[in-house]
Amino acid sequence: MAAGHSFSSTTLSFLLCFTFLLLLLQINHFPVSAFSSPNPFTSSDKQSKVERVERGLARAREAIKKAVRTRRYQSDKVQIFIPRGSVYRNPFAFHQSHIEMQKRFRVWTYREGEPPLFHDGPINNIYSTEGQLIDELGSGTSRFQASHPDDALAFFLPVSVTNIVRFVNRPASTFNRHFLQSIVGDYINVISHKYSHWNTSSGADHFLVSCHDWAPDVSKASPNFYKDFIRVLCNANTSEGFRPKIDVSLPEINTLFGTLGSPYPGETPSKRSILAFFAGGEHGYVRKLLFEHWKDKDHDIQVHMYLPKNRNYFTVMGQTKFCLCPSGYEVASPRIVESIYAGCVPVIISDNYVLPFSDVLDWSTFSVNVPLARIPALKQILEAISMEEYLMMQKRVVQVQRHFVINRPTKPFDLMHMVLHSIWLRRLNIRLPL
């Protein structure tokens with residue numbers, strides 16, 4: 001394999017392969033919080049509900065393990081799509097897990113709170129996945145919505161970090177996170193006194209979704225309080241406290257107004273004449289390094305701060321073999337999904353970033369990872385990839401496109417399903433105290 005293909009040892013150690021998740025199915029018990037409020041159910045009522053939930057999860061675990069052993073799935077419904085190939089860490093486990101998720105996974109969205117801070121979020125532009133998921137799980141039409149909290153396997157806090165920063169952070173130049181931490185903390189205080197669910201699991205079956213850079217700071221004020229809480233974040237940076245075993249990496253997609261974003265036809269692989277391409281602002285130290293070595297310096301490695309007006313950004317991506325995806329101010333970049341949409345092999349230039357859906361997808365089969373220290377050798381790394389190997393990687397990029405498309409209503413194996421599947425996997429790995 002050509003130099004630069006494998007993930008750095010730091011990044012690789014944090015990636016959750018699906019096999020490892022299966023090993024984690026010997027589950028820890030989470031104690032009831034010491035600050036629990038009076039439970040509206042009797043002890044026997046509560047135990048019977050928890051036992052029913054746990055029996056269903058146990059059956060799901062066994063079905064997934066059986067699929068791994070027998071290398072075939074079990075379903076009473078016709079499967080329109082069947083995961084196959086090396087892009088998946090274990091396609092049999094993934095397929096059966098997705099079947100079990102559709103059958104069993106239901107989410108209760110707390111109804112407390114008012115828009116725009118709650119039950120609302122940006123559905124376009126760079127934070128769009130945050131708003132789309134909030135909208136989906138509050139729509140009343142999602143197949144994954146529970147009709148009653150006692151039927152839920154997970155609980156969603158419909159908090160929009162983006163809207164809190166937008167509407168509450170005044171003046172906008174204030175970078176203190178206290179107001180954000182207080183609002184989220186107060187919300188949890190309300191729902192934990194009104195319902196028993198947070199206190200039963202210490203928040204381990206609860207989650208929040210956000211694409212805003214500040215979202216990881218929600219839990220910094222009380223890290224022990226949030227230690228089991230699932231954070232679904234675009235800013236999936238392990239150096240800033242992202243926990244791959246508990247948290248979920250959310251794709252960042254910059255959708256235009258009134259659109260959801262989707263793959264578009266670029267040139268066929270044989271007609272892609274540009275080796276590598278990037279255009280964007282000098283945001284953060286990673287891009288600064290990239291510009292120092294490659295900005296407007298090489299015909300094959302086309303790195304620009306701004307494209308000339310006569311060149312279209314997406315057209316150029318469709319003419320490129322390898323699309324450079326350096327971090328900006330934070331680790332995530334919408335260029336990763338843009339590359340996948342364009343059928344362009346993503347080149348990940350980002351330390352400490354846990355890539356989306358790494359539990360299921362083997363990114364090394366359809367992307368190239370370049371550590372920051374090897375930016376000067378970028379051309380050498382990419383030219384060392386043979387045409388045969390490039391064609392296989394490009395084919396796999398097209399294969400995974402369905403997993404990064406937002407559909408409303410959702411469709412099996414699309415982005416919404418993939419995010420929920422990531423949460424489902426983490427829910428499989430906890431067992432509530434009986």
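Two strands are taken as paired if DSSP finds at least two bridges between them. In this predicted model, strand E6 (residues 274-279) and strand E8 (residues 320-326) are joined by three bridges and run parallel. Strand E7 (residues 301-304) also pairs with E6 in the parallel sense, here over four bridges. From E6 the chain passes through helix H9 (residues 284-294) to reach E7, and this β-α-β crossover is right-handed.

In E8, the residue opposite Phe-277 is Cys-323. In E7, Gln-302 stands opposite Phe-277. Strand E6 is mostly covered, with six of its six residues buried. In a regular strand the side chains alternate between the two faces of the sheet.

Phe-225 and Gly-185 are separated by 40 residues in sequence, while their C-alpha atoms are 9.7 Å apart in space.

One aromatic cluster is formed by Phe-81, Tyr-88, Phe-94 and Phe-413. Phe-81 also takes part in a contact with a charge: the charged end of Arg-402 sits over its ring, 3.9 Å from the centre. Another such arrangement involves Arg-143, whose charged end sits over the ring of Phe-144 at 5.9 Å from its centre.

Notes
Residues numbered from 1 in each chain as written. Predicted model: local features only at pLDDT ≥ 70, side-chain atom pairs only at ≥ 80, totals over all residues. Heavy atoms only, no water. Buried < 20%, exposed > 50% of the residue type's maximum accessible area, 1.4 Å probe, protein only. Helix = DSSP H or I, 4+ residues; strand = E, 2+ residues; numbered from the N terminus. Right-handed = clockwise from strand over helix to strand, strands pointing away. Phe/Tyr/Trp six-rings, centres within 6.5 Å; stacked < 30°, edge-to-face > 60°. Lys NZ or Arg CZ within 6 Å of the ring centre and 35° of its normal.
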